[in-house]
Amino acid sequence: SAGGSHAAMARRLLLLAILCGSEAFSPVHVPRLSAAHNPPRKLLGCFGVRGSSTFGTSVLEGRRGLLSLRAQRFIHAFIQKRQHIGMGPISAQWLCTDQTLLNDFLETYSGEFHNEKQRQADPSVQYSRKLHTQIRLPSLGENTFFVSEVTDTGGGMQYRLRVSSLSEGSEEGSFQAKHFAFKSEELESKLQSEDTWHLLDSLDPEQDLELVQGGTVIFRKFPGEEVYEAKVEYENCAAAASQPVRTEIASLLSPSNWLVRATFRDEKGAIVRFTEIDMAKIDSQH
């Protein structure tokens with residue numbers, strides 16, 4: 001039932017943030033929390049008179065979630081000042097660990113994206129919708145997503161379902177996403193409806209999934225910005241032409257949108273087709 005599938009997805013929801021106020025962080029317990037099997041995406045120290053900043057800075061701003069960037073910078077600066085005057089054993093690096101950077105990327109990557117606004121301005125543009133829902137699939141990785149993609153170029157809706165596994169990349173500030181396709185067309189067809197997402201509970205990655213061609217994507221973060229760049233190239237994209245072509249995809253992912261540019265070339269390197277899809281991120285919690 002729909003209620004059952006939603007309940008199953010609810011069990012997969014992860015803790016986004018823990019806000020702590022009034023007292024200094026414990027140098028013993030914080031590392032334990034960071035090393036937990038399922039740590040919070042953000043651990044934020046909020047200090048102020050009578051703990052007011054715990055709530056005074058926990059405001060929605062844009063699409064960043066619980067705390068605005070302005071609030072996070074304020075807290076970080078306050079902790080550095082507190083350390084300078086010797087008021088407590090607080091480590092500012094706890095707010096910027098590798099896990100924190102990965103969690104920031106996971107937060108940016110997850111959610112719903114679509115280009116309805118772009119399509120309204122130009123009806124000839126392909127309609128695209130992506131829904132990234134984090135699921136628990138330990139055998140594939142700690143950070144796994146069910147990816148539902150819907151496109152329409154004028155000939156009716158087309159569905160593509162994937163499972164992606166995210167991890168830190170080999171370069172500093174980079175993240176790797178491996179995309180897997182479903183081997184069974186019957187299973188993929190069933191999963192087009194949210195009412196059947198409970199089938200993901202019994203998914204066996206070794207038997208049910210296979211890594212897709214060009215399916216390993218590296219996202220690199222621009223220094224000092226909340227923008228991630230990804231580029232991938234692969235051969236033989238039958239969707240662009242009947243002859244073998246080379247596909248080049250460049251994308252920019254931010255907390256507010258996902259811009260994807262795809263270039264299709266023939267064997268001589270000439271451009272067969274070019275598309276640009278600008279998908280806005282929808283304010284919602286999954």
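1. Two strands are said to pair if DSSP finds at least two bridges between them; strands (E, at least two residues) and helices (H or I, at least four) are DSSP runs, numbered from the N terminus. In β12, A280 is the bridge partner of N257. Strands β11 (residues 257–265) and β12 (residues 271–282) are antiparallel and share nine bridges.

2. This is a predicted model, in which local features need pLDDT of at least 70 and side-chain atom pairs count only at pLDDT 80 or more, while totals for chains, interfaces and linings use all residues. Residues are numbered from 1 along each chain as its sequence is written, and side-chain values use heavy atoms, with hydrogens and water left out.

3. Ten strands form a closed barrel with antiparallel pairing, in the order β3-β4-β5-β6-β7-β8-β9-β10-β11-β12.

4. A nonpolar core is a set of buried (under 20% relative accessible area, 1.4 Å probe, protein chains only) Ala, Val, Leu, Ile, Met, Phe, Trp, Tyr and Cys residues joined through side-chain atoms within 4.5 Å. The largest has 20 residues, of which F105, Y109, L166, F219, L253 and W258 touch the most other members. Helix α5 contributes the most, four residues.

5. Beyond its neighbours within four places in sequence, F105 is in contact (heavy atoms within 4.5 Å) with L166, F175, F219, Y228 and L253. A second, separate core of 15 residues includes L131, L140, L200 and L203.

6. The pLDDT, the predictor's confidence in each residue from 0 to 100, averages 74 over the protein chain, and 62% of the residues score at least 70. Over residues 82–96 it is below 50; residues 237–241 also stay under 50.

How values were computed
Buried means under 20% relative accessible area, exposed over 50%, partly exposed in between (1.4 Å probe, protein chains only).
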